[in-house]
Amino acid sequence: MVKVSGPVRVVLVVLLFLALVVAVAWLLQRRLIHFPDASAPPPAAQVVAGAQDVVLHTDDGLRLGAWLVKPQPSAPDRRLAVLVAHGNAGNRQGRVPLAVALAGHGLTVLLVDYRGYGGNPGSPSEEGLARDVQAARSYLVDRAGIPAERLIYYGESLGAAVVTALAARHPPAALVLRSPFTDLPAAGREHYPFLPVRLFLRDRFPVGDLIAQVTAPTLIVYGTADTVVPPAQSVTVADRAAGPVRIVAVEGADHNDASLLNGPQLINAITELAGEIK
């Protein structure tokens, strides 16, 4: 029987512990990425006057709840629609201030909730979220009557990755990315530096690669004090874009600050971009 020395035994224990950590992270990785509010929001009209509850039909058979917010009566209808894909937490109700602000500037807004979010069935994944925003686009074009060339895609954080992939397949009139990362492994490494994130992540969300295929005018907005997505990653995404890009850096803003939800710099930049669509 081989006798194991004390130092070797310690190393083996540490290696075993690390292996267990990696195994658990592999099994639970999507729970470390997605933090949905799975509760069903109230009817849209109870939250935003005139808003509508709509159903999105995915190509794998799911029915997803979403909210359609029309332009406010006081604002001239620009006949443009903004498809809003939120980040990895919460649900559509938390993005109402954004929708109200944009509707106040004459924009129609579709607040999307992914599978597993906002009372919707299913579990989120990169492939699943791609199907969900595809269903949202189809709703706007086929049922709401918005021409494809009058669509703006808006993605927040993880949602920026989702709409960039959509833009690579179905070019929009314009693309707005709020706090985008270069890819999910790069973002994950910032929060889990002790794990081999790039090796074991199943979902990649390669924004930096896909943005190089997007020629639509692109607006990138980020906070200079972002502690979730490093600002340098958002700048890198802008540098890799194939189309014309405008960058708006909100000084002192962290990832979840109100200034990056419905702040004046963000809303003004979006409406200016919308004004350039003829």
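Trainee: Which residue of strand 9 does Leu177 stand opposite?

Mentor: This is a predicted model. In it, strand 8 and strand 9 (residues 218-223) run parallel and are joined by 4 bridges. Across that pairing, the residue opposite Leu177 is Ile220.

Trainee: Is strand 8 enclosed or open to the outside?

Mentor: Side chains in a regular strand alternate between the two faces of the sheet. On one side of strand 8 are Ala174, Val176 and Arg178, and on the other Leu175 and Leu177, all buried. Since 5 of the 5 residues of strand 8 (residues 174-178) are buried, the strand is largely enclosed by the rest of the structure.

Trainee: Which residue in strand 8 does Tyr154 stand opposite?

Mentor: Strand 7 and strand 8 pair in the parallel sense, over 5 bridges. With helix 5 they make a right-handed β-α-β unit. The residue of strand 8 opposite Tyr154 is Val176.

Trainee: Which are the edge strands of the sheet?

Mentor: The open sheet has 8 strands in the order 2-3-6-4-7-8-9-10, with mixed pairing. An edge strand here pairs on one side only, and that holds for strand 2 and strand 10 (245-250).

Trainee: Which residue in strand 10 stands opposite Thr218?

Mentor: Strand 9 and strand 10 run parallel, joined by 6 bridges. In this pairing, Thr218 has opposite it Val245.

Trainee: At what angle does helix 10 run to strand 10?

Mentor: Helix 9 (residues 231-240) lies across strand 8, strand 9 and strand 10, and runs at about 170° to strand 9. Helix 10 (residues 264-275) lies across strand 7, strand 8, strand 9 and strand 10. Its angle to strand 10 is about 165°.

Trainee: What is the span of helix 4 from its first C-alpha to its last?

Mentor: Helix 4 (residues 126-143) has 18 residues. At 1.5 Å a residue, the expected span is 26 Å. The model comes close to that, at 25 Å.

Trainee: What covers the buried residues of helix 4?

Mentor: The buried residues of this helix include Leu129, Val133, Ala136 and Leu140. Their cover includes strand 2, strand 3, strand 4, strand 6, strand 7 and helix 5.

Trainee: How many Å apart are the axes of helix 4 and helix 5?

Mentor: Two packed helices are described by the angle between their axes and the distance between the axes. For helix 4 and helix 5 the angle is about 65°. The contact is made by residues including Leu129 and Val133 of helix 4 and Val162 and Leu166 of helix 5. The distance between the two axes is 10 Å.

Technical notes:
Residues numbered from 1 in each chain as written. Predicted model: local features only at pLDDT ≥ 70, side-chain atom pairs only at ≥ 80, totals over all residues. Heavy atoms only, no water. Helix = DSSP H or I, 4+ residues; strand = E, 2+ residues; numbered from the N terminus. Expected span 1.5 Å × (residues − 1). Buried < 20%, exposed > 50% of the residue type's maximum accessible area, 1.4 Å probe, protein only. Contact = heavy atoms within 4.5 Å. Pairing = 2+ DSSP bridges. Right-handed = clockwise from strand over helix to strand, strands pointing away. Axes fitted to C-alpha atoms, helices over the stretch in contact; angles between N-to-C directions.
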